[in-house]
Amino acid sequence: MKNVIKTIMLVLTTLCTVLALASCSEEEHQHSYTYESDATKHRQVCTECGEETRWDAHVWGEWEVTKEPTLDEKGSREHTCTVCGYKGTEEIPMLTPTFGETTDFTAFYAYVPADFETVNIYYWSEAENLESSYAVAWPGVEMTLVNESEHLYGYTLPAGVDRVIINDGSSQTVDVQYSPERNALRLDVVNSDNKYEVTYTSYQAKADDPELAKPEASDPIEMITLYVVDTNGWDVLNIHYWGSKLGDSKWPGVASTKVGVVEVNGESYNTYSVEVPEDATTIIVNNGTEQTENIALIAEANCVVVSGTTSVYAKYENGTVTVVEVDLGLPEFYVVGTISGWKFVEENKLVIDEETMTATITYTFAEGDQFKIALSGWAGEVGSDALGDAFSVAADGNITVVTAGT
Ligand SMILES: [Zn+2]
Ligand SMILES: [Zn+2]
């Protein structure tokens, strides 16, 4: 038995020696290596004998951008292994638009839905960098048709604008932030607030494009001091105003400053002052929970005496308040809409007699034209009925022409 084991051992030893010798002779050829690589590592493989070295991680050189990303397309970059030459690539995400404001007159465009007829742009500056001489009142200013088939409209925005709303007098976008990198909007889907969401895009002006409408500076809108005599004894007194090109105050309005106590009809009352834009049309005085009715602002009075929900006009001068009798006349109603560019035009004013208001307007309506009846300066709006089948009236009082005609 011992001999058998010895014999096996001997045979094994001999075998090992022979194998070792054979291996030695293989090492005598010069390996002809080429690199084998995958995304993360490389090794060398001999093309003659298949000898493989161990895997090593790539040794990357610097990234080089092969395609700059834009606002519309992803970019890409690559780096190269300094050992094996393998190139690794990766995407660079699309640029996202940054927001800011116009710094000069800036062409701005919108692709609107096909059913938009009069396309307005309402613009403002949330950062209050827009000169008041360029401020616009709702619904803004009419944009210039640039390309009919694409429903593309343009306007030259003044410096300082950081927000816009595109509208046709009834349908509108959400508040859109201005992006210096994107000069165009595309109106997409209508959201649950019934406003169009937008996507930012770009438009390169063409040589034969029409010249875009551009705002002309009007006189700057000054702030004026308005006095309020409070006979209600409220703790705080806010003035909410609207109708100004500078925009509306945000409810509950501007907090007033107490200027002193004045005597009206033998009684003493706290008097307050507040700065409002000179072109504001209407105010509501409130203490946060209680409020007056709408009070139209008039040139003859710089003061209102509030009592309950009502008020009278007055003049405040050197700490003295004098109630003024004002003949407000009858309210002035107008037909405004597509026919007037949503402006208050004298020839579209309703004539008022004892029982009716009448406007006789000859106009060739296109299907989809809209109008409504509104108080001068948008101090109020009324709907309409009994117009017949040629018109439809929406909940917002806008009357749409269903059948074109004169
Ligand atoms: Zn080899
Ligand atoms: Zn490598």
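## Strand pairing around E16

Strand E16 and strand E23 (residues 303-307) pair in the parallel sense, over four bridges. In this predicted model, tyrosine 227 stands opposite cysteine 303 in E23.

E16, which covers residues 223-230, also pairs with strand E20 (residues 267-277). The E16 and E20 strands run antiparallel and are joined by eight bridges. Within that pairing, isoleucine 224 has valine 276 of E20 as its bridge partner. In a regular strand, side chains alternate between the two faces of the sheet.

## Overall composition

The protein has 32 strands and one helix. Of its 406 residues, 36% count as buried. The accessible surface comes to about 23,800 Å², and carbon and sulfur atoms account for 50% of that area.

Among contacts between residues at least 6 apart in sequence, 53% join residues at least 24 apart.

## The zinc site

The zinc ion (ligand 1) has four donor atoms. The protein donors are His29 through NE2, His31 through ND1, and Cys46 and Cys49, each through SG. These donors lie 2.0 to 2.3 Å from the zinc ion. The angles among the donor atoms run from 101 to 117 degrees, and the site is tetrahedral. For four tetrahedral donors, the ideal angle at a metal is 109.5 degrees.

In sequence, the donor residues of the zinc ion (ligand 1) follow the spacing H-x1-H-x14-C-x2-C. Histidine 29 lies in the loop between helix H1 (2-26) and strand E1 (33-37), while cysteine 46 belongs to strand E2 (residues 41-46), so this pair ties together parts that are 17 residues apart in sequence. The cut-off for a buried residue is under 20% relative accessible area. Histidine 29 has 23% relative accessibility and therefore counts as partly exposed. Cysteine 46 has a relative accessible area of 2%, so this residue is buried.

## Histidine 58

Where is histidine 58 placed? Histidine 58 is in the loop between strand E3 (56-57) and strand E4 (64-67). Its relative accessibility is 8%, so histidine 58 counts as buried.

The side chain of histidine 58 reaches the backbone oxygen of aspartate 38 at 2.7 Å. Leaving aside residues up to four places away in sequence, histidine 58 touches Ser37, Asp38, Ala39, Thr40, Lys41 and His42, along with Cys81, Cys84 and Tyr86.

Terms used: Residues numbered from 1 in each chain as written. Chains lettered and ligands numbered in written order. Predicted model: local features only at pLDDT ≥ 70, side-chain atom pairs only at ≥ 80, totals over all residues. Heavy atoms only, no water. Helix = DSSP H or I, 4+ residues; strand = E, 2+ residues; numbered from the N terminus. Buried < 20%, exposed > 50% of the residue type's maximum accessible area, 1.4 Å probe, protein only. Contact = heavy atoms within 4.5 Å. Areas by Shrake-Rupley, 256 points an atom, 1.4 Å probe, with all protein chains shown as cover. Polar contact = N/O pair within 3.5 Å; in protein donor to acceptor, adjacent residues only side chain to side chain. Pairing = 2+ DSSP bridges. Donors = N, O, S within 2.8 Å, 3.2 Å for Na, K, Ca; no water. Tetrahedral: all angles 85-135°; square planar, octahedral: opposite > 155°, others 65-115°.
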